[in-house]
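Work through the exercises below with the model open. Each task is followed by its solution.

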Amino acid sequence: MADFQRVMDHAVAVARKAGEVVREALSDDRKVMTKSSAVDLVTQTDQKVEQLIIQSVKEKFPKHRFIGEESVAAGEACILTDDPTWIIDPIDGTTNFVHAFPFVAISIGFSINKQVEVGVIYSCLEDKMFTARRGKGAFCNGEPLQVSDQTDIHQAIICTEFGSNRDPEVVDKMFCSLRNILSLPVQGVRGAGTAAINMCLVASGCVEAYYEIGVHVWDFAAGSLMVTEAGGVLMDVDGGELDLMSRRIIAANSRTIAERLVKEIAPFRLPRDDAPPQKQ
Ligand SMILES: O=P(O)(O)OC(CO)CO
Ligand SMILES: [Mg+2]
Ligand SMILES: [Mg+2]
C-alpha cells in the first residue's frame, strides 16, 4: 500500500518549487517552440520544470513511473499501467505563460491501478495550492472545496477551451457545441486557458462545469480528482464513463448539468493518448 500522504506532501513541495521557477521565468525572455501545431507552444521552462519534478520524485520514490507531457513530446510512451504513476503537466497554460496571462498551473496527478489517488494543482501566479486525496476531500490553501449546488443549466457558467487543433472540421465541431450551449442559454461561457485551473474553478463552485475534447491525461488527471473530491462528477462527452486516455472530459458539479451538456456537445474522436505513435 503506497503512503499517499507522503506522495501528497512531496507533490506539494515539488509543485511549489516548480512554481518558483515558473514565476522567475516570467521576467526572462521566453523562447517559444511549437509541437503538434503552430499554436501548440512549448518553452524551455516547460522542459526544465518537468525534469525538476521527475528528478525530485525519482530520488524519493525510485520505483514509481511517470507520464510527463514534455517526456511524451520527446518520444516516451504514454501508457497508464497499474503501477504507481506520476502524471505531470509541468506548465498547464503554456500559451498563458508565454503571454503572461495570469493563469498558469503545475499539475501533478498520482495514480495506482489506473485510478487517480492524489491530485495537486498549483496555480502559481495566484499562489493557490489545490490538493485532493481520494476519499479525503479537496482543498485550496487548506480550505475545503465544494462544487456549486446549481443544477439549472440556465443559471450556469460553463468553462471550455479551444485547444491547439485548427483542423476546420474540429473547429466546426467546437463551434457547434459552443453555439448549442450559448443558445440554451447559459449565463456565461469562460475559459482560463488551462484545463487544470478550469477544473479547480468547478471544484471551487465558481462555475458549474468544464468540458473539452483534445486535452490530454496530464492536463486533467489531477483536476479530475479535485472535482470528484469537491462533490462533482466526471463523464465522457458522450455520457459514458470517463476514460483517462480518451482526451475527452466533462467535469461538472452534478450529473444533471453533465447530462444536459452531453445533449449539446458535438462529440468527435482524436487519437488516444495511449495510441501507438503514427509512422511518418
Ligand atoms: O498548456 P498546455 O499544458 O499545453 O495545456 C493546454 C491544453 O492542452 C491548456 O490546458
Ligand atoms: Mg496542459
Ligand atoms: Mg503543459
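**Exercise 1.** Find which residues Asp219 is in contact with, leaving aside its neighbours within four places in sequence.

Solution. In this predicted model, the partners of Asp219 are Asp89, Asp92, Ser107, Ala195 and Ala196. Asp219 itself sits in helix 7, residues 217-229.

**Exercise 2.** Decide whether Asp219 and Asp92 are buried or exposed.

Solution. Start with the cut-off: a residue is buried if 20 or more other C-beta atoms lie within 10 Å of its own. Asp219 has 29 such neighbours, so it counts as buried. Asp92 has 33, so it is buried too.

**Exercise 3.** Determine where the annotated "binding site" residues lie relative to one another.

Solution. The unreviewed UniProt entry marks Glu69, Asp89, Ile91, Asp92 and Asp219. They span 151 residues in sequence. Yet no two of their C-alpha atoms are more than 9.6 Å apart, so they gather at one spot.

**Exercise 4.** Describe the shell around ligand 1 and explain why the ligand lies between two domains.

Solution. List the shell: Glu69, Asp89, Ile91, Asp92, Gly93, Thr94, Gly163, Thr194, Ala195, Val215 and Asp219. Strand 4 gives the most, with three residues. Now check the domains. Both domain 1 (4-144) and domain 2 (153-264) give residues to the shell, so ligand 1 lies between them.

Technical notes. Residues are numbered from 1 along each chain as its sequence is written. Chains are lettered from A and ligands numbered from 1 in the order in which they are written. This is a predicted model: local features need pLDDT of at least 70, side-chain atom pairs count only at pLDDT 80 or more; totals for chains, interfaces and linings use all residues. UniProt positions are given in the numbering used here, feature names are shortened, and annotations may be inferred rather than shown by experiment. A residue is buried if 20 or more other C-beta atoms lie within 10 Å of its own, exposed if 12 or fewer, and partly exposed in between; C-beta atoms are placed from the backbone. Helices (H or I, at least four residues) and strands (E, at least two) are DSSP runs, numbered from the N terminus. Two residues are in contact if their C-beta atoms, placed from the backbone, lie within 7 Å. A residue is near a molecule or strand if its C-beta atom, placed from the backbone, lies within 6 Å of it. Domain bounds come from an automatic or database domain assignment.
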